[in-house]
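Reader: Can you walk me through this one? I'll ask as I go.

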Amino acid sequence: MAEEIERYHDFFADATALSGFLRLPFEREIKPLGRVSLSPKGGYHAAQEREFHLESAVSYRSAYTQVGGNRELKPTHGWTTLATSVVEGLNVFDVVTADRVVAQVSTEHPEVGYTPSISFLGTRFENLRIAGHELKLDLDLNLFGAPPADDAPYTQDEAFMSRIAGQKGHFLAQMRLPAELRQDYNRVPSEEQGAEGVECSLVKSVTPVDPREGCFPGRCFGHTIEVPNFGVIYLATVRLAESNPNEETGIPMTAVLELTMIDIRMGCLATGNILVSPLVTNGGTRP
């Protein structure tokens with residue numbers, strides 16, 4: 001009788017509070033703040049960041065990050081990975097402000113099979129404002145739903161891909177959608193190195209609390225906000241890439257998930273790119 005090969009899991013998670021760069025009104029790189037990374041063997045790492053100021057342009061009051069990976073103690077359960085990034089008192093050029101931004105992703109790889117369950121429990125925005133105007137956000141933290149049946153990858157799951165297609169269709173159908181945003185949202189996910197992927201958002205819609213015309217200094221399209229004389233803001237963007245297919249079944253053995261809570265691309269009042277609470281997580285099980 002052939003000896004049974006013991007399965008093992010390589011963990012992977014990376015959490016950052018804030019990063020980016022400015023070209024104008026001055027040139028400065030913001031190296032990843034509060035960054036923590038998880039060992040392939042798992043464990044736990046955390047970082048606490050004190051008040052940060054980049055001149056009077058970008059600041060936060062405090063931030064913390066954590067990553068963890070362990071074998072579940074419950075019978076028949078597999079391997080769990082957690083990544084968290086929290087930024088408090090955010091201020092970007094007095095245009096984008098928030099009391100609290102929380103990014104949190106947990107995944108569980110099964111004891112048998114490869115496709116993980118994915119949870120965004122705890123992820124949220126608290127008092128997010130644009131130029132002082134409060135926003136109402138409709139988040140779908142259950143966007144991925146239950147893991148696909150028969151250990152199928154998410155990119156081949158009809159229910160999941162239907163939700164993604166519906167989100168994309170709703171976005172592209174909006175009136176007065178700028179050509180730049182239409183082109184950006186129509187991008188084909190990268191298939192480099194044999195990976196299959198999707199890009200979507202946990203935010204279904206953004207609306208100003210005071211919707212009167214002329215009160216809000218911008219336009220909202222799905223999870224995207226266009227602010228004239230400032231730039232474009234993308235909220236809770238999610239990217240999933242599945243790769244390394246099993247030789248016998250073709251099922252991807254590695255899935256990498258990225259979540260960026262705020263992606264600010266500036267080009268007028270200032271020029272540069274600021275990422276708030278970006279996470280990269282997940283890993284792979286062998287054999």
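Author: Strand S11 (residues 96-109) is mostly covered, with 10 of its 14 residues buried. Buried means under 20% relative accessible area, exposed over 50%, and partly exposed in between, with a 1.4 Å probe and protein chains only. Strands are DSSP runs of E of at least two residues, helices are runs of H or I of at least four, and both are numbered from the N terminus.

Reader: And where does the model come from?

Author: This is a predicted model, in which local features need pLDDT of at least 70, side-chain atom pairs count only at pLDDT 80 or more, and totals for chains, interfaces and linings use all residues. Residues are numbered from 1 along each chain as its sequence is written, and side-chain values use heavy atoms, leaving out hydrogens and water.

Reader: How many bridges join S10 to S11?

Author: There are 13, and strand S10 (residues 79-92) runs antiparallel to S11. Two strands pair if DSSP finds at least two bridges between them. Leu82 stands opposite Ser106 in S11.

Reader: Which residue takes a positive phi in the hairpin of S10 and S11?

Author: Phe93, with phi near 55°; the hairpin has three residues between the strands.

Reader: What else does S11 pair with?

Author: Strand S14 (residues 129-130) is joined to S11 by two bridges, antiparallel, and Val96 has Ile130 in S14 as its bridge partner. Strand S13 (residues 124-126) is joined to S11 by three bridges, also antiparallel; there Val101 is partnered with Phe125. Strand S12 (residues 117-119) has three antiparallel bridges to S11, and Glu108 is the bridge partner of Ser117.

Reader: Switching topic. What about the nonpolar core?

Author: The largest one has 67 residues, and Phe144, Ile225, Phe230, Ile233, Leu259 and Ile262 touch the most other members. Strand S21 (residues 252-267) gives the largest share of this core, seven residues. A nonpolar core is a set of buried Ala, Val, Leu, Ile, Met, Phe, Trp, Tyr and Cys residues joined through side-chain atoms within 4.5 Å.

Reader: What is Ile233 in contact with?

Author: Leaving aside neighbours within four places in sequence, the contacts of Ile233 include Val96, Ile130, Ile225 and Ile262. Contact means heavy atoms within 4.5 Å.
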